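Trainee: I have a new model open and I want to learn how to read it. Where do we begin?

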Amino acid sequence: MKLRLSDEDARFRDEMREFFTTRFPEHIRAKVLARGELTKDDIVESQQALNAEGLAVPNWPVEWGGRDWTQLQRHLWHEEMQLAGVPIPLAFNASMIGPVIAAFGSQEMKERFLPKTANLDIWWSQGFSEPDAGSDLASLRTTAVRDGDEYVVNGQKTWTTLGQYGDWIFTLVRTDPNVKKQAGISMLLIDMTTPGLTVRPIELIDGGHEVNEVFFEDVRVPAENLVGEENKGWTYAKFLLGNERVGVAPVGTTKRWLADAKEAAGDRLADPVLANRVAELENELLALELTALRVVAHSAEGKPHPASSVLKLRGTELQQAVTELYVDLAGPWALASGAGEGSSAPDWARVSTPQYLNFRKASIYGGSNEVQRQIISGTILGL
Amino acid sequence: MDFTYDSETVALRDAVRGLLGKAYPSSEDRRGTTNTEPGFDEKVWGRLAELGSLGLPFSEDDGGAGAGPVEVSIVAEEIGRVLAPEPYVESVVLAGGLVAAAGTAEQRADVLGRLSAGENVLLPALLDSGQPVSASGEGESVTLTGAKEPVLHGARADQLVVSAVTDRGVELFLVDGDAEGLTRTGYRTFDGGRAARIELDGTPAVRLGEQGDRSAAIDEVLAAARIAYSHEALGAMEVALGQTVEYLKTRKQFGVPLNTFQALTFRAADLYVSMELARSTVMWATLVLADAPERAAEAASRAKAIVSRTSRHIGQEAIQLHGGIGMTAEYSVGHYTSRLTALDHWLGDGADHRAVLAASVRDHGVLEPLA
């Protein structure tokens, strides 16, 4: 048992902090720190700046641009990015499909996709959820039927985040309807410019366009775009979702939001009721961060600690609690989301309500918090 | 940064767990002990001494083992797991800690040596009852007048460490349990423990160390005790949660085990989340105490604040998920809730410590745990 980072890890953290705060594109950080919205170009520029330093995909195998870091170092890298206001690399590329291709794809597929995926030259979208397959993902119905050297894909995907920017989409499709539902699923990579594929926006309650529906009508996909083996898609999906869960406890971002909320509150923190609320949030967030550190220290390579469900569950609850705090701090300014130039509404107050509404998503995506409770009670407690 | 115990610490844990498991194999055995005076088992106290547990934090020159907060936390957690009624944290961390912090070399060697050997049940009397204790006389020998209450296990103490207000601030004094002018009125507490009202009327006492204000030393010792008690609570919460999960697997209603009902298993999942978050914070607080003592008071408040909330969550749900059986004295789980309630309200409850944290919330931006 020891409290402090080793000299080596402390040096590592300082190097990360130095790069993120002094050599990363400042205009992007400024936008993030002001809780503004990033454009597609911002996100691409950000990832390419990281990739140029070997900091975009450290979790990948070394031969494809990964770094041979310890779990703790990955954690520090991830935290320092968030604290500095550096956008974390696009999850669809860096933590979802990249590791899957690296682990299960053919050599040809790796060479074709991995360098461009790391550098965000290809923007990936995720085609998993369907209107009737949410938490029960394995009941998905989009089909892929083999026809010579191609698969013919029909069906619909939904909740495709930033699908409007997508070049390619990794999908789960049913290739065998006659077996147990998990056993008939394959993973296909589909070029989003293929005829028969259409993307339709879904407007959300915050007024933003973040997610989409993706329709497939006789979309012809070369058979070489099958990841790994046919009907093994569920295995790859579980691998992918396991990685997703680790990254969805954004401790650093929530810490920064909370610190900024104190700034926004200013003298009002003299009110003991408000100070108590902030102090409690801060303490709960500390507990989450320390739990993340414990999980990191105990994770065997590539196998998330079962308590990572705790991180997802509690991490998203606290993230939501801080967005709620902002709305409360904004008071009547919480309504001024559409205020333009000349308005007296502070910038943080203008974004407070859309962000609060937007982050209701956090306890739903990445395996809803009810799914996490199911994992905890089943896998950890044996209930 | 490392949250794992080394092999020596694990060996200590296993030894203490073995000893206490034999002493209190069941809740009924523990009840047998708490139902007879003095409310704990003197033989178990002796065995804890033989194992070296009572002298863990004291220097070898003072008759101790020279170990640190991590080792103490291990013993406290094992005490909590079986609800052992021996006054471990009171005696070793609080009273012993005060003597270690304030006593002269001679006093330390004598008092802590006998405490470590199990020959001196040393207990702290710090809380004023409304009649503050005052000291008259200069030098080493003084007399004390006033009252302290509640003093945990005060009626059984061989020796008391009493705080008193003097011209110099707060000072600490040793009072023998059989001193003249000392009246001790003991009573039972709801959790099977013991407390007492201690009245001092010109009672002879010996000053700990040189003359001078001891407030800072008292605060440091209180922080260490809060962290140790938090570990005691962790041990109790872990067992209460484990028993509850086991009960959900075995208890049948409507012809099926209770774990068939998601309304119940989801609540168990929430208890597990609470437990893990509290454990992380309390382990961190112990590491702060060991490696960054200047932050120990803050860490102690953080630990107490989260343990208060968690112990209420787990304590209340453990009974509810058991149903009526959890209410009975014969069954163990309710005793855990009872003990957790006592620990919560000792040395500041959750609201007190949240208020402490709230008062300093503007002193920092982002909270850094590894600083």
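**Reading helices, strands and contacts**

Mentor: Begin with a crossing: helix 4 of chain A passes helix 8 of chain A in a right-handed crossing. A crossing is right-handed if the near helix is turned clockwise from the far one by less than a right angle, and left-handed if anticlockwise. Helices (H or I, at least four residues) and strands (E, at least two) are DSSP runs, numbered from the N terminus. This is a predicted model: local features need pLDDT of at least 70, side-chain atom pairs count only at pLDDT 80 or more, and totals for chains, interfaces and linings use all residues. Residues are numbered from 1 along each chain as its sequence is written, while chains are lettered from A and ligands numbered from 1 in the order in which they are written.

Trainee: At what angle do helix 4 and helix 8 of chain A pack?

Mentor: Two packed helices are described by the angle between their axes and the distance between the axes. Here, helix 4 (residues 71–84) and helix 8 (residues 251–265) of chain A pack at about 30°, with axes 7 Å apart. Axes are lines fitted to C-alpha atoms, for helices over the stretch in contact, and angles run from 0 to 180 degrees between N-to-C directions. That makes helix 4 of chain A roughly parallel to helix 8 of chain A; angles under 35 degrees count as roughly parallel, over 145 as roughly antiparallel, 65 to 115 as roughly perpendicular and the rest as oblique.

Trainee: Which residues of helix 4 of chain A make the contact?

Mentor: A:Glu79, A:Gln82 and A:Leu83 do. Helix 8 of chain A brings A:Val251, A:Gly252, A:Thr253, A:Lys255 and A:Arg256. Residues are in contact if their C-beta atoms, placed from the backbone, lie within 7 Å.

Trainee: How do strand 2 and strand 3 of chain A run?

Mentor: In a regular strand the side chains alternate between the two faces of the sheet. Strand 2 (residues 143–147) and strand 3 (residues 150–157) of chain A run antiparallel, joined by five bridges. Strands pair if DSSP finds at least two bridges between them. A:Val145 has A:Val152 of strand 3 of chain A as its bridge partner. The two strands form a hairpin with two residues between them. In the turn, A:Gly148 has a positive phi of about 65°.

Methods:
Two residues are in contact if their C-beta atoms, placed from the backbone, lie within 7 Å.
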